[in-house]
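Please read the points below alongside the sequence and the coordinates. They are set out as a colleague's note, to be checked one at a time.

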Amino acid sequence: MTEPAIHATALTKWFGEGETRTVAVHDVTFDAMFGELLFLVGPSGSGKTTLLSMISGVLRPNSGAVVVEGRDVWGLSDDELADFRLHTVGFVFQDYHLFPRLSTAENVAIPMILQHVPWHDALERAKGELEIVGLAARAELSPGKLSGGEQQRVAIARAMVSRPDILIFDEPTASLDGDTGKRIMGFVKTEILNAKRCILTVTHDERIFEYADRIMRMEDGKIVGTEPGAGHA
Amino acid sequence: MALPVRRVHDHDADRMRGLLKIAFKLLVNDRGKFFALLIGITFAVFLMVMMTSVFAGILRKSSSTVTNTGAKMWVMDRSVNNVLSSIPMPDYVLDGVRSIPGVKYAVPLYSGAGLVRLANGEYQPATIVGLDDTSLLGRPNMIAGNVEDVYADDSVIAVVDSEYPKLHAPQVGTTFEINDRRAVVVGLAEVPESGLFGLPTLYTTYNRATEYVPSGRYTISYVLVEPDSPAAIPSIEAAVYALGYVARTDEQFRELIADYYKFHTGLGTNILLMTAISFLVGLSISGQTFYAFVLENLERFGALKAIGAKGRELVYMILFMVGVTSLAGYGLGIGLCTLMITLAKWRIAEYASVVTYGNLALAFGMVLVIAAVSSYIGIRRVLRIEPFDIFRS
């Protein structure tokens, strides 16, 4: 782990102006390495999600820079930024944001379809991904017919299907019971993480801290401490 | 990292096909809203086309005398604004028209209303059409009897149309009275278009018609003119104008009659209002339903944006959704309208309604406006959503 997957420098983000200005992230600098499962933890309002959004090319910082795989993310045009998110980053949202009107396989295939892969090829690839997360038999069902843990795995399959180098997990276990949450994170740790991939996870859930390689603690928009996780090899 | 999944297909159709398929599935799999959208547009189109078709049917029937007579030019008083309000002209007008260079021939036509007393004593108003005694120009298509029998004493030819039963369906040989004068049906005929006001029609000779119907000093309702060639029409029009009358081609006469019903009877205004109301109903139902659909899927559109969809791709998706719904609604609306008119005509043979290309184009234009407004509302919302909102949710 020599070259950082993500290099964030002096990231600052505030919302509002004048008296209503709120600084969400203040002068944050850190690196995340390939092969690393990095947890961002801290209380609500500490700036974790804002930081995650700036790193993943979703929210433009007021100052600072994000370099991913050697590219200055915020120097990209809007179209390039969309392509960056599509090809380099995989998202697992807190509420999954699956499409209830599409089948599970079609949900997983979305990033491929956005990459203009022909429909049938994309579906085949999505079914392969569902097999990896143990949901091959659920491919034709609508997400509404799946349990919370299964929906989480569908969201992971969707994030993985285009083989992104950076995976972003936003509160991945927030809607899951303890056992399911641990099972999911164990799966992520053993099956998803590899030497060419970096996973950033925002979480409150201390029950899953054992899976982290490194834990960064945030408070009031700043990183107040970094410690190796129990999953650190 | 050379991964096949990062392959980008250059072909534009391939690029969009998958996205549009997602859009299609999002749309049709939400059955409740999809059907609400379809119903909104279908009924808007149905009402708009129905209204305008009824109006087109009325206009067509209002010109039935012009259509049925088949003359190329009509000479009339300058004050005439529709075929029913003919103003009798003196005989010298006929002679004057006949003397105009370029006129191949000209004949008089009488058109008026007579009161028919049926065998059982009932009275029934009827349109009496008097054809030129010599040529019978404008004669109807005979389906029973011989047209020349109309020269016999008291002879009339009855037109078999939807109003025909009002004369108790007379056959050849049936007698009745017209304005207290004996009349004998010597033939049955059909015409391309029946009249607008529900009166049965009887044909006879010009001279006998003027005897049946009391009239003033002048009796010629119209002079029917056959020009030598289309090139002669402008000079005939000018010469007739110099006589103090007006000559119109059959097409011009139809337009004059249509303008009368559109602008001088209130009919056009009412139809226009009903069409506008139909449009507004369709617009409000479709616009509101599509807005609700977009709101419900806003987070998903935001998720697509976060995953990497470009703004214009989301715009294409919305345009496609609205386009599919609008075209399907348009087709269903036209189909429903055609079905209703067919059923109505099956029960009422002379039902005044006709779907014209103009009606279809008008309804299509209205549907495009509905689609444009609905898309605009949806696109504004979708383009405004920030991917960051998805994280915050």
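Predicted model: local features only at pLDDT ≥ 70, side-chain atom pairs only at ≥ 80, totals over all residues.

1. The four-stranded sheet of chain A. Four strands of chain A form an open sheet in the order 2-1-4-5, and their pairing is antiparallel. The edges are taken by strand 2 (22-33) and strand 5 (71-72) of chain A; each has a single partner strand, so one side of each has no neighbour in the sheet.

2. Strand 4 (residues 63-68) and strand 5 of chain A run antiparallel and are joined by two bridges. Val67(A) has Asp72(A), in strand 5 of chain A, as its bridge partner.

3. The six-stranded sheet of chain A. A further open sheet in chain A has six strands, ordered 6-7-8-3-9-10, with mixed pairing. Strand 6 (89-92) and strand 10 (222-228) of chain A are its edge strands, each pairing on one side only. On average, and with direction ignored, neighbouring strands of this sheet are turned by 20° against each other.

4. Strand 3 (residues 37-41) of chain A runs parallel to strand 9 (residues 214-219) of chain A, and four bridges join them. Within strand 9 of chain A, Ile215(A) is the residue opposite Phe39(A). Helix 1 of chain A packs on this sheet and touches strand 3, strand 7 (166-170), strand 8 (198-203) and strand 9 of chain A. The direction of helix 1 makes about 155° with that of strand 8 of chain A.

5. Helix 1 and the four-stranded sheet. Helix 1 (residues 48-55) of chain A also lies across strand 1 (4-15), strand 2 and strand 4 of chain A. Relative to strand 1 of chain A, helix 1 runs at about 125°.

6. The contact between the chains. Chain A places 35 residues in contact with 31 residues of chain B. On the side of chain A, the elements giving two or more residues are helix 1, helix 2 (78-88), helix 3 (104-114) and helix 4 (119-132). By class, that side of chain A has 18 nonpolar, seven polar and ten charged residues.

7. A helix pair in chain B. How are helix 2 and helix 11 of chain B arranged? Helix 2 (residues 31-62) and helix 11 (residues 357-384) pack at an angle of about 150°, with axes 9 Å apart. The two helices of chain B are therefore roughly antiparallel. Their crossing is right-handed. Residues of helix 2 in this contact include Ile41(B), Val45(B), Met48(B) and Thr52(B), and those of helix 11 include Asn359(B), Leu362(B), Met366(B) and Ile370(B). The contact of helix 2 with helix 11 of chain B counts eleven nonpolar, three polar and no charged residues.

8. Two positive phi values. Most residues other than glycine have a negative phi. Asp220(A) has phi near 50° and sits in the loop between strand 9 and strand 10 of chain A. Asp220(A) is partly exposed, because 14 other C-beta atoms lie within 10 Å. His168(B) has phi near 65°, and its place is the loop between strand 5 (155-159) and strand 6 (175-178) of chain B. With 16 C-beta neighbours inside 10 Å, His168(B) also counts as partly exposed.

Key:
Residues numbered from 1 in each chain as written. Chains lettered and ligands numbered in written order. Axes fitted to C-alpha atoms, helices over the stretch in contact; angles between N-to-C directions. Parallel < 35°, antiparallel > 145°, perpendicular 65-115°, else oblique. Left-handed = near helix turned anticlockwise from the far one by under 90°. Contact = placed C-beta atoms within 7 Å. Nonpolar A, V, L, I, M, F, W, Y, C, P; charged D, E, K, R; others polar. Pairing = 2+ DSSP bridges. Buried ≥ 20, exposed ≤ 12 C-beta atoms within 10 Å, placed from the backbone.
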